[in-house]
Amino acid sequence: MDSLLVVAPVAVPAAAAGLYAVLGWNRITAWLGVLAAAGLLTCAVALATAGRREALAGLLHSDALSAFMLIVIGAVALLAMLASPAYLAAELAAGHTGARAMRRYGVLTQSFIAAMALAVLASSLGLLWVAIEATTILTAFLVGHRRTRQATEAAWKYVVICSVGIALALLGIVMVHYAGTHAGVASLNWAALAEHAGRLDAGVMRIAVMLLVLGFGTKAGLAPMHAWLPDAHSQAPAPVSALMSGVLLSVAFYAILRVKVIADVALGTAFTRTLLIIVALASLAVAALLLLAQRDYKRLLAYSSIEHMGLLALGAAIGNTLALVAVLLHILGHGLGKSVLFLSAGQLHQALGSSRIRAASGLMARAPLLAGAFALGLLALLGLPPFSLFASEVGIARAGFAAGLGWAITAALVLMLIIVAAIGRHSRRMLLGGEPGEAIALPRSVAVPLVAGLAACAVLGITLGPLHSLLQAAATIAGATP
């Protein structure tokens, strides 16, 4: 029974993908993805309370960190799948999709969710790499779902850049295996490598860690390999953008956290701390500069993801308990908030036929509920109370000053002020500017995930409830220092 519980988060969406392949997408099967996401989330909660578990002869391993990541995957997937039927129905009515494309959407989205679940349950670097590579292949077809010139170009750009990053990560894994073999650890298992990390060759491990951070950082949207992110997220169907920005980036960052645990023992904390601080500040600077002149609201949301991944890297660099708890809370809060924003942006794009900011002017008068959800999502994204990103960003700042990294926190805060000003200026033009046009309706099936996502993000900003002990345990597994 314990083994089935570990396998279930992968098996449930995989089974849903198989049913979509056989039955296609119709009024009944459209809600199959919702059931699969709810099942995954239920399994994740059960694993969070069950403690450490293994399955398939140790290939899959569940602990507090992987269980928490499964909760994030399940929560974001549930929001995205709730919005998918109405989104695809509108696409079909507009002639942007057909029966075959909708069947393919169902198969690919569920396979994508299964691959992410596999990534966080993998007990070794090798299996993790395979799962993340699978997400690249699956999402490439989803990014090009509309088959327009822009979507096809974005899909190819995504494949090329992420394939380079994944190739670098593979080279890093090969070097870790080489270092482990010479130290008597002929395994890529997390636990074995962490236990014997002190015996690994430091010179080889420095190169390996740099390659792994750069490789997995590419999938996480961290600078300097971030260029695929705005194109892919702006061209993918809105629920897919919610999944990619809300959770795929965090799954890739989860891989960096696992690598950091091994690297800190093998090389000391200073090496990975320096590397992650450089990547974090570079990502924040890139996001700040590109957001200033942004004229597309979907690309604006994508660039903000680079900022938040930079904040995660900064928190991981600090590395104490408060910082890593804040990082994990930020992952969940960002997933919820960004899902609400991309789902709102998808409805807006379908109604207007454009993702230009000026085309959405006067939104508050045209669609009060949609505009309210979008505005509250932006407030959450900017880290304002009562949303959980406020608590997580304050936690990262406090932890940084306590760890003697005040200079890095100060630099990050300056860049974040620029980002807040840029997003605030653009959002004001969208929500309040211009003359109001034709009213925009919001389907009830889309309003539900918008309200639920915002409510969950706000509740987490007030109290963690039962998540508190899970976050503490997950932070310890992620290598938190006192």
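**Helix packing around H10**

Q: How do H10 and H11 pack, and at what angle?
A: This is a predicted model. In it, helix H10 (residues 238-267) and helix H11 (residues 269-292) pack at an angle of about 140 degrees. Their axes are 7 Å apart.

Q: Which residues make the contact?
A: From H10, Ile256, Lys260, Ala263, Asp264 and Leu267. From H11, Thr269, Phe271, Thr272 and Leu276.

Q: And by class?
A: The contact of H10 with H11 has 5 nonpolar, 2 polar and 2 charged residues.

Q: What about H8 and H10, what angle there?
A: Helix H8 (residues 202-219) packs with H10 at about 170 degrees, and the axes are 9 Å apart. That makes H8 roughly antiparallel to H10.

Q: Which residues of H8 and H10 touch?
A: On the H8 side, the contact includes Met205, Val209, Leu212, Val213 and Phe216. On the H10 side, Leu248, Leu249, Ile256, Val259 and Leu267 are among them. By class, the contact has 16 nonpolar, 1 polar and 2 charged residues.

Q: Switching to H3. How far apart are its ends?
A: The end C-alpha atoms of helix H3 (residues 64-93) are 44 Å apart. At 1.5 Å a residue, its 30 residues should span 44 Å, so the two agree.

Q: Where is the kink in H3?
A: At Ser84, shortly before the proline Pro85. The kink is about 40 degrees.

Q: Is H3 largely enclosed or exposed?
A: Largely enclosed by the rest of the structure, because 25 of its 30 residues are buried.

Q: How does H3 pack with H10?
A: At an angle of about 170 degrees, with the axes 8 Å apart. H3 and H10 are therefore roughly antiparallel to each other.

Q: Which residues are in that contact?
A: H3 brings Met69, Ile73, Val76, Met81 and Tyr87, among others. Ser84, the site of the kink, is also one of the H3 contact residues. H10 contributes residues including Pro239, Leu243, Val247, Tyr254 and Arg258. The contact divides into 16 nonpolar, 4 polar and 1 charged.

Q: New topic. Where does Ser354 sit?
A: In the loop between helix H13 (321-352) and helix H14 (363-366).

Q: Buried or exposed?
A: Buried: Ser354 has 18% relative accessibility, and the cut-off is under 20%.

Q: What is Ser354 in contact with?
A: Tyr297, His349 and Ala359, leaving aside neighbours within four places in sequence.

Definitions and conventions: Residues are numbered from 1 along each chain as its sequence is written. This is a predicted model: local features need pLDDT of at least 70, side-chain atom pairs count only at pLDDT 80 or more; totals for chains, interfaces and linings use all residues. Side-chain values use heavy atoms; hydrogens and water are left out. Axes are lines fitted to C-alpha atoms, for helices over the stretch in contact, and angles run from 0 to 180 degrees between N-to-C directions. Helices (H or I, at least four residues) and strands (E, at least two) are DSSP runs, numbered from the N terminus. Contact means heavy atoms within 4.5 Å. Ala, Val, Leu, Ile, Met, Phe, Trp, Tyr, Cys and Pro count as nonpolar, Asp, Glu, Lys and Arg as charged, and the others, Gly among them, as polar. The expected span of a helix is 1.5 Å times one less than its number of residues. The bend at a residue is the angle between axes fitted to the seven residues ending there and the seven starting there. Buried means under 20% relative accessible area, exposed over 50%, partly exposed in between (1.4 Å probe, protein chains only). Angles under 35 degrees count as roughly parallel, over 145 as roughly antiparallel, 65 to 115 as roughly perpendicular and the rest as oblique.
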